[in-house]
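The entries follow in the order in which I made them.

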Amino acid sequence: MASIQNYTLNFGPQHPATHGVLRLVLELDGEVITRADPHIGLLHRATEKLVETKTWAQALPYMDRLDYLATICNEHAYCLAVERLLGVDVPVRAQYIRVMFDEITRILSHLMFIGSHGLDVGAMSMMLYACREREDLLDCYEAVSGSRWHTAYYRPGGVYRDLPDAMPQYKESKWKNGARLKRLNEARSGSFLDFLQDFVNRFPKIIDDYETLLTDNRIWKQRLIGVGAISSERALQLGCTGVMLRAGGLAWDLRKKQPYAVYDRLDFDVPVGTAGDCYDRYLVRVNEMRQSTRIIQQCIDWLRANPGPVISDNHKVALPRRADMRSNMEELIHHFKLCSEGIHVPEGQVYSAIEHPKGEFGVYVVSDGANKPYRLKIRSAAYAHLSAVDELVRGHMIADVVAIIGSIDIVFGEIDR
Amino acid sequence: MSAKLELLIQNLRKHLGDRIAGLRTAFGEITLDVDAAAYPEAMRTLRDEPELRFEELSDLCGVDYSTYGNGRWQGKRFGVVLHLLSVTHNWRLRARCFADDDDFPAMPSVVSVWNSANWYEREAFDLFGIVFPGHADLRRLLSDYGFVGHAFRKDFPISGYVEMRYDPEQKRVVYQPVSIEPREITPRVVREENYGDVGNG
């Protein structure tokens with residue numbers, strides 16, 4: 001009788017279900033996985049080495065290119081690290097704007113998760129609905145920063161500029177005209193905050209719609225319940241953070257436990273799961289979107305009532321206003337020094353961690369007092385999660401690999417860096 | 001300094017004793033220096049001791065100090081920096097350990113203490129050439145298959161040594177020496193302390 005040997009299967013790197021360029025070498029016994037060896041680095045751009053040759057300000061846009069589905073949160077961690085080294089105070093209004101955009105980003109990231117996870121598991125229409133809502137939020141990005149993805153909106157010391165008073169409107173065209181154009185522009189007739197308020201009013205109902213499509217869907221449950229389960233203790237040992245921990249029942253959220261910006265002034269809950277499987281991770285993310293909507297609502301109310309500066313007036317760090325520069329020698333010198341040489345960050349090392357949509361995102365910077373970082377290390381959540389994939393997929397079927405990879409929500413920009 | 005950090009420092013002194021080679025607090029964070037000989041044991045104590053209880057290794061990375069402060073650095077060249085998190089006590093710690101030999105940096109592996117160290121140590125080996133005896137599967141992680149050198153060392157040029165292109169004659173992708181001219185737009189400067197302060201010229 002012929003002996004039965006394990007079969008090795010190459011999965012990716014060019015495969016839509018790998019969410020980027022992941023190459024998985026799967027060792028199979030029949031259709032059951034006995035070992036998974038992820039090969040990463042196909043998107044390695046050496047961000048951490050590149051920023052060693054860039055000034056502190058030039059390094060910021062590189063953060064956007066890490067997790068490109070949650071660009072603004074990456075900037076936040078970097079800015080917090082630089083600000084702590086510099087000891088510069090960030091105006092409260094800027095902190096509220098940051099929190100608001102962090103939560104917008106969380107919704108954006110989780111929407112992408114629902115859409116792409118749906119695609120992976122076989123619910124095609126989810127992607128279309130998720131992208132419909134993402135469109136509105138990306139318009140928010142565009143309105144404040146001019147860019148829909150790589151915003152570079154947060155700066156050490158605050159944010160680039162205040163929220164705009166008007167939203168861009170759709171123009172009349174062959175496809176958008178008459179009553180349709182009027183309806184599309186209705187929410188855009190007021191300020192930026194009015195537009196976001198309109199979204200916040202609509203969004204809870206939209207999440208309900210998503211849940212009617214998925215939460216009790218028999219196929220969805222059959223594909224996810226009991227798949228890729230991990231206990232909290234094991235998750236800690238494997239370096240998991242964020243939703244991966246919370247789905248197992250451990251209410252660990254840096255926004256609550258080690259608050260940064262103004263999270264300690266806001267009212268929100270931390271959703272947790274029980275089983276730690278793919279289905280619980282889905283439920284936690286859906287509930288996080290509801291909580292994020294709550295936080296955004298509180299930020300809108302505060303920002304309406306409290307105008308003020310949005311970036312530090314310390315011109316050793318933040319650029320002076322254009323108008324002042326034209327009339328004032330001092331400001332002009334500051335501008336010249338900041339643009340030609342950059343910020344000088346005092347010697348020291350700092351690790352700043354934030355609650356990123358995917359988990360704990362940390363930036364470790366070592367400064368030797370120069371105008372460029374000496375060493376920058378990015379701790380990305382998905383990197384630790386992907387290294388745990390071997391343990392998660394063992395004993396499951398090939399089709400479950402796709403569900404597990406989808407549910408840990410990986411983005412290769414931040415894994416390969 | 002907050003009461004919490006004070007307590008953590010006390011606990012560290014109590015349980016690590018003379019295994020501490022340095023303990024510093026700056027920017028609200030504690031940095032613990034450990035000698036390479038005491039490193040694995042000290043890490044195990046940090047995890048298991050109920051008064052410390054660092055259950056999670058958030059991050060482990062290599063640092064090459066050879067050009068620190070434009071040549072001001074006197075100590076050893078390669079350091080391994082760990083960021084630890086205790087979910088029980090809600091505190092963080094940075095542990096740093098230097099490799100004894102600059103030419104062949106080696107450091108005991110901590111994969112058995114925290115399983116998450118697996119990929120972090122592979123990465124540090126790949127990018128800095130730090131070897132971790134005791135690691136079961138120390139392969140390159142991020143660099144290309146067959147990559148030569150360790151890219152994040154300070155003496156490795158930012159443009160690298162080789163570039164890749166498609167050769168139409170051989171009908172395959174080939175490596176060739178890099179054709180990029182190195183350039184520096186903003187020079188790296190370390191100013192004296194108090195640079196630019198009022199009354200400092």
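**Entry on helix α3 of chain B.** I began with α3(B), where I found B:Ala117, B:Asn118, B:Trp119, B:Tyr120, B:Glu121, B:Arg122, B:Glu123, B:Ala124, B:Phe125, B:Asp126, B:Leu127 and B:Phe128 to be buried. I call a residue buried if 20 or more other C-beta atoms lie within 10 Å of its own, exposed if 12 or fewer do, and partly exposed in between, with C-beta atoms placed from the backbone. α3(B) is thus mostly covered, with 12 of its 12 residues buried. Helices (H or I, at least four residues) and strands (E, at least two) are DSSP runs, numbered from the N terminus.

I then asked what these buried residues pack against, and found α15 of chain A together with β3 (56–64) and β4 (78–86) of chain B. The 12 residues of this helix (residues 117–128) should span 16 Å at 1.5 Å a residue, and the end C-alpha atoms are 16 Å apart, which agrees; the expected span is 1.5 Å times one less than the number of residues. B:Gly129 follows α3(B) and has a positive phi, near 75°.

**Entry on the model.** I noted that this is a predicted model, in which local features need pLDDT of at least 70, side-chain atom pairs count only at pLDDT 80 or more, and totals for chains, interfaces and linings use all residues. Residues are numbered from 1 along each chain as its sequence is written, while chains are lettered from A and ligands numbered from 1 in the order in which they are written. The model scores ipTM 0.88 and pTM 0.90. Chain B averages a pLDDT (the predictor's confidence in each residue, from 0 to 100) of 87, and 96% of its residues score at least 70.

**Entry on chain A.** I found 18 helices and 8 strands in chain A. Its radius of gyration, taken over C-alpha atoms, is 23 Å, close to the 22 Å that the globule rule (2.2 Å times the number of residues to the power 0.38) gives for 417 residues, so chain A is as compact as a globular protein of that length. Of those 417 residues, 51% count as buried, and the C-alpha trace spans about 90 × 60 × 40 Å along its principal axes.

**Entry on the meeting of the chains.** I looked up the contacts (C-beta atoms, placed from the backbone, within 7 Å) and found 41 residues of chain A in contact with 34 residues of chain B. On the side of chain A that touches chain B, β7(A) gives the most, with 4 residues. The residues of that side divide into 14 nonpolar (Ala, Val, Leu, Ile, Met, Phe, Trp, Tyr, Cys and Pro), 14 polar (the others, Gly among them) and 13 charged (Asp, Glu, Lys and Arg).

**Entry on A:Ser367.** Which strand holds A:Ser367? I found this residue in strand β7 of chain A, buried, with 24 other C-beta atoms within 10 Å. Leaving aside neighbours within four places in sequence, A:Ser367 is in contact with residues including A:Leu85, A:Val345 and A:Tyr374.

Technical notes
Contact = placed C-beta atoms within 7 Å.
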